Amino acid sequence: MRLDDPIGDWVTELRAGGSPLAAVTVRELLGHQAGVVRDGGNADFWQLEQPFPDRDGVLGEVLRAGVVHARNEHFKCSNVGYALVGLAVESATGTPYAEHLRTSVLEPLGLARTGADHDPARAGEYAAGHTGLLLGATSRRTIRHVATGAMAPATGYHSTAEDLCVFGSAHFLGDDRLLTDDSKRLMQRLESVVTAYGTEVGRYGVGMGLQTVGERQLVGHSGGWPGHITLTLLDPVGKLVVSVLTNAVDGPAEDLVTGLVKLVDVAMEPRAELPGPPAGAPPP
């Protein structure tokens, strides 16, 4: 499977069903430029009111009303698009998505506390997710974990900040454990400028967001799951990874990550000369 393969070559139900999405490429899906619906017309699985869809459920939704934009017309974040890539991975490898990711990514990097979907055998290890703190409230509600079915490539992973830092380090330039530098540069270069009402709100590559903090050009991705907000950013040249996982739907993952990057930079390059304390100040 190559980045510019039409997804219909691997998910043949799309072509058999006459979907125009059969022609979109793997690259367009990974870059959220395929014009695919975000979650489908009935996405109550995000509120845990119904199970996450299986293969038939995803394909049924895509064949029914999967197109919302023309290819490369707009950046349109789509979890369904990543589900389609997961189905293509299964077709290309002949193995379940989670199994292929385990043997090709997790085991080579030694990520023993990471998996591609909910694992009931590890339920006691998972941090519980929580609702937001409503105005005037003093407590939050706990949110249960569930399996994510065919949507696992978009949202199903469990991991730790330590494992995510190891995974991020595999995207440093010069590290060949997973990908060549050629592939990493392709993933990390600008593909889309994301705008809302005429204002830039983000930048995206091929499967990675792009962000500037201070003088660092960072790449990485946020994570969203009922009761959890996360962000992992890495500097592929300066070889820094910062990962923050929060277990509340309003967790300040982005503020913490960007703040930590700034603190690291201050610690690594302290000011050569500091002003003296003001008159009458207590000793430091």
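1. The largest cavity is lined by Glu28, Leu29, His32, Gln33, Ala34, Gly35, Val36, Lys76, Ser78 and Gly81. A cavity here is a set of points, on a 1 Å grid over the protein atoms alone, where a 1.4 Å probe fits but cannot get out, and lining residues have an atom within 4 Å of a point. The volume of the largest cavity is about 30 Å³, a volume being the space filled by probe spheres set on grid points joined across faces, edges and corners. By this rule there is one cavity of 30 Å³ or more. Its lining divides into three nonpolar, five polar and two charged residues; Ala, Val, Leu, Ile, Met, Phe, Trp, Tyr, Cys and Pro count as nonpolar, Asp, Glu, Lys and Arg as charged, and the others, Gly among them, as polar.

2. The model is predicted: local features need pLDDT of at least 70 and side-chain atom pairs count only at pLDDT 80 or more, while totals for chains, interfaces and linings use all residues. Residues are numbered from 1 along each chain as its sequence is written, and side-chain values use heavy atoms, with hydrogens and water left out.

3. The second largest pocket (an open set of grid points with protein on both sides within 12 Å along at least five of seven lines) has a volume of about 250 Å³. Its lining consists of Gly214, Glu215, Arg216, Lys262, Asp265, Met268 and Glu269. By class these are one nonpolar, one polar and five charged residues. Helix α9 (residues 253–268) gives the most to this lining, with three residues; helices are DSSP runs of H or I of at least four residues, and strands are runs of E of at least two, numbered from the N terminus.

4. Helix α5 covers residues 97–109, and its end C-alpha atoms lie 17 Å apart, which agrees with the 18 Å that its 13 residues should span at 1.5 Å a residue. The expected span is 1.5 Å times one less than the number of residues. α5 bends by about 35 degrees at threonine 103, the bend being the angle between axes fitted to the seven residues ending there and the seven starting there. Glycine 110, with a positive phi near 70 degrees, follows α5.

5. Tyr97, Leu101, Val105, Leu106 and Leu109 of α5 are buried (under 20% relative accessible area, with exposed over 50% and partly exposed in between; 1.4 Å probe, protein chains only). The buried residues of α5 pack against α4 (79–93), α6 (152–155) and α7 (161–169).

6. Arginine 141 lies in the loop between β1 (129–130) and β2 (142–143). Arginine 141 is exposed, with a relative accessible area of 67%. Leaving aside neighbours within four places in sequence, arginine 141 is in contact (heavy atoms within 4.5 Å) with Gly129, His130 and Thr131.
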